[in-house]
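Here are my notes on the model, point by point. Please read them with the structure open.

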Amino acid sequence: MNWLQIVTAEIGHRWKTSMLMVTVVAAVTFGVTFFALDVQGYQKEVSRNVRDLGSNIVIVPSTLDPVEYYNQGGFSQAIMSQTLVQELLDDRMSLNHLIPILEKNVPVTADDLTTNARVVGIAKSIPMPGRPKAPMQEAIIRNKIQVGSAIAKQLKLERENAGAVTIAGKSFEIERVNRSTGTWQDAAILMDLGQAQLLFELPGKISRIEALECTDQECAATGKTSLAVLEEELGAVTKEAVLLRRQSMADARTRVRDLSVANSDLLQNVLWTLLAVSVACFALTNAIGRLSEVAILLSLGYGRLRIVTLFGGRIAVLSIFGSVAGCVLGSLFVAMWCTGLLISTGSKFSIDWGTSCWVGLIAVLVSILAGSLPAFWVVGKPPASLLGKDG
Amino acid sequence: MVPILETVRLGHHFLTRYACLEVLDSIDLRIYPGQWVTVKGPSGSGKSTLLLDSGGMQLPTSGQVFIDGIDVYAASMQVRNNLRGTKIGYLFQTLELIPYLTVLQNVQMVTNCDHEMAKTLLQRLGLADRMAHKPNCLSHGQRQRVALARAMVKIPSLLVADEPTGNLDLETSQLVYEILKQYVEEGGALLLATHDPLADGFSDRILEIKNSRLLQWGEATQSVPKHDLVDGEGM
């Protein structure tokens with residue numbers, strides 16, 4: 001008889017405990033798969049949310065007067081060359097999501113109403129090469145503008161059918177009126193950067209570059225603070241710009257992200273341990289309950305390898321069924337759950353089948369190991385010492 | 001001639017919480033090919049222990065067991081497994097059939113099993129119509145015959161049978177003994193433990209365990225001289 005015939009016969013004979021084994025493995029792999037994937041989605045969501053807090057690094061011309069800049073709520077007339085953006089990219093600075101901005105305070109008119117607005121030419125965020133990310137800032141359509149809620153209120157613009165606004169003698173169609181954010185952006189009009197440069201006759205010039213710091217690795221490697229790392233990197237690229245770090249925002253972002261990662265890691269470790277211990281215990285119990293069979297096989301001249309193959313084979317067959325079921329169901333359920341739960345990233349949530357496969361594989365390996373171990377352990381003992389010793 | 005089984009000063013005791021129970025004491029025994037040796041004795045006298053120790057199934061407390069010249073308990077695990085797989089056929093008193101295999105599968109799962117031989121043996125033992133049944137569908141007597149078939153199917157050099165007819169009717173017992181007789185006549189060596197007087201007529205030697213010692217049956221007060229036991233002249 002080959003081992004598969006014996007294993008199949010055994011599974012059929014003990015179908016209740018076999019089903020229980022499949023159910024336990026399925027339930028545990030379901031749970032681990034679900035949480036492992038949920039944690040991935042959760043981390044992405046946290047990452048997106050802290051990113052959406054806004055840029056925490058501002059690179060401004062070195063000629064900028066900080067007092068004037070802060071007095072005017074983060075605004076300055078100072079400008080610098082846009083080529084700096086490319087230089088930062090070429091130098092692989094520890095930044096991402098670079099957003100070049102040119103802004104001016106100018107009067108704007110809609111119908112007969114006029115008010116002063118902060119007109120901001122802004123480009124789509126530029127990812128650092130090798131660090132591709134979903135854009136933090138989308139491009140603004142040329143010849144169209146986005147109007148802040150405070151400006152819209154002063155110019156009596158409606159959210160629907162807002163019409164057009166004249167800026168520096170040129171009329172722009174309103175793409176949309178933005179909802180109030182409680183920031184300076186409520187008093188701003190956003191337009192395409194290139195178009196703003198033409199409008200203000202400042203080709204190739206920008207007021208500042210906003211960005212997100214990505215200094216974790218550098219800080220860990222050098223022991224320096226994030227600000228020190230960035231200032232050192234920027235100093236190597238140009239002397240015509242300086243760097244401002246929005247301290248509390250940057251620290252909050254780092255703390256939230258680190259906490260999220262640490263908590264997720266802890267949860268994952270607990271889950272992996274749960275997977276290993278529960279499956280191992282069950283497989284072990286199953287195997288210990290069959291010591292008499294080991295004795296019979298030994299008395300018939302079966303060697304260690306054949307006996308371990310029989311015990312491991314049974315567990316392998318059952319745990320494969322269980323883990324496949326658990327991983328597939330866990331993946332599908334987490335997809336359903338995360339799509340609704342994760343507001344920012346849920347629509348893009350995709351099942352990480354690689355992680356699911358790892359969970360399943362480890363469940364199978366742990367089961368086989370735990371199921372084979374007792375047989376491996378006792379196989380050198382005299383058969384009579386095992387008869388009637390089923391645990 | 002080399003004995004197929006030889007025990008040298010074989011001893012076995014069981015330690016309990018309160019006492020040391022000595023079951024076998026310095027047993028010297030030789031069994032040659034073509035010999036039927038029956039061991040008798042009251043329940044608990046140590047028959048099964050002697051058979052388990054002699055058949056390579058249980059580590060004795062002292063002494064040595066040689067099967068076909070190989071010191072069973074000094075040999076490596078692999079050698080011991082090979083001995084069990086090729087030279088020893090063992091019928092446990094508790095039968096120990098695999099419950100999820102059919103009668104035929106229980107016999108065929110023996111290593112190096114001749115599948116036709118398995119069927120023939122089961123037919124001879126009156127189990128032709130039971131081959132596809134599981135052990136739990138059989139009477140104890142039928143299970144006993146399945147266990148015997150499993151022990152004999154590889155035609156071992158040494159067959160150790162512990163109460164093979166304990167639950168059989170007279171007619172079936174006779175049949176079993178006839179089959180065992182044929183096995184011995186064909187050169188097999190049989191070590192049998194039984195209470196069944198029917199076995200006496202088939203045995204070449206009958207021994208008895210009393211007070212931990214192996215005695216010539218019927219001479220219970222006197223220990224059998226060693227040369228009688230080892231040379232098979234005690235009958």
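1. Which residue forms a salt bridge with E293(A)? The partner is R290(A), and the closest N and O atoms are 2.9 Å apart. A salt bridge here is a side-chain nitrogen of Lys or Arg within 4 Å of a carboxyl oxygen of Asp or Glu. E293(A) is buried, at 5% relative accessible area, and R290(A) is buried too, at 7%. Buried means under 20% relative accessible area, exposed over 50%, and partly exposed in between (1.4 Å probe, protein chains only).

2. A word on conventions. This is a predicted model: local features need pLDDT of at least 70 and side-chain atom pairs count only at pLDDT 80 or more, while totals for chains, interfaces and linings use all residues. Residues are numbered from 1 along each chain as its sequence is written, chains are lettered from A and ligands numbered from 1 in the order in which they are written, and side-chain values use heavy atoms, with hydrogens and water left out.

3. Chain A has 391 residues, and 49% of them are buried. Its secondary structure comes to 12 helices and 11 strands. Helices (H or I, at least four residues) and strands (E, at least two) are DSSP runs, numbered from the N terminus. Of the chain A contacts with a separation of 6 or more, 79% are between residues 24 or more positions apart. Contact means heavy atoms within 4.5 Å. The accessible surface of chain A is about 18,900 Å², and carbon and sulfur atoms hold 61% of it. Areas come from the Shrake-Rupley method with a 1.4 Å probe; for residues, only the protein chains shown count as cover.

4. Chain B has 235 residues, of which 57% count as buried. It holds seven helices and 10 strands. Among its contacts between residues at least 6 apart in sequence, 68% join residues at least 24 apart. Chain B exposes about 9,800 Å², with 49% supplied by carbon and sulfur atoms.

5. Back to the charged pairs. The count over all chains comes to 19 salt bridges. R142(A) and D192(A) form one of them, at 3.0 Å from N to O. R142(A) sits in the loop between β4 and β5 (144-147) of chain A, and D192(A) in strand β8 (residues 188-192), 50 residues apart. R142(A) is partly exposed at 45%, whereas D192(A) is buried at 15%.

6. In chain B, the side chains of D25(B) and R213(B) meet in a salt bridge at 3.8 Å, N to O. D25(B) is in strand β2 (residues 20-31) and R213(B) in strand β10 (residues 213-216), so the pair ties together parts 188 residues apart in sequence. Both ends are partly exposed: D25(B) at 23%, R213(B) at 35%. As for networks, salt bridges that share partners join E10(A), R14(A), R290(A), E293(A) and R314(A) into one.

7. Strands β3 (95-110), β4 (113-122) and β7 (170-177) of chain A each supply at least two lining residues. On a 1 Å grid over the protein atoms alone, a pocket is an open set of points with protein on both sides within 12 Å along at least five of seven lines; a cavity is a set where a 1.4 Å probe fits but cannot get out; lining residues have an atom within 4 Å of a point. Grid points are joined across faces, edges and corners, and a volume is the space filled by probe spheres set on the points.

8. The whole structure has three cavities of 30 Å³ or more. The largest cavity holds about 50 Å³. Residues of both chains line this cavity, including S299(A), L300(A), Y90(B) and R150(B). β6 (88-91) and α5 (140-152) of chain B each give two or more residues to the lining. The largest share, three residues, is from β6(B).

9. Check two backbone angles. D111(A), in the loop between β3 and β4 of chain A, has a positive phi of about 55 degrees although it is not a glycine. E96(B) also has a positive phi, near 55 degrees, and lies in the loop between β6 and α3 (103-108) of chain B. D111(A) is exposed at 74%, whereas E96(B) is buried at 16%.
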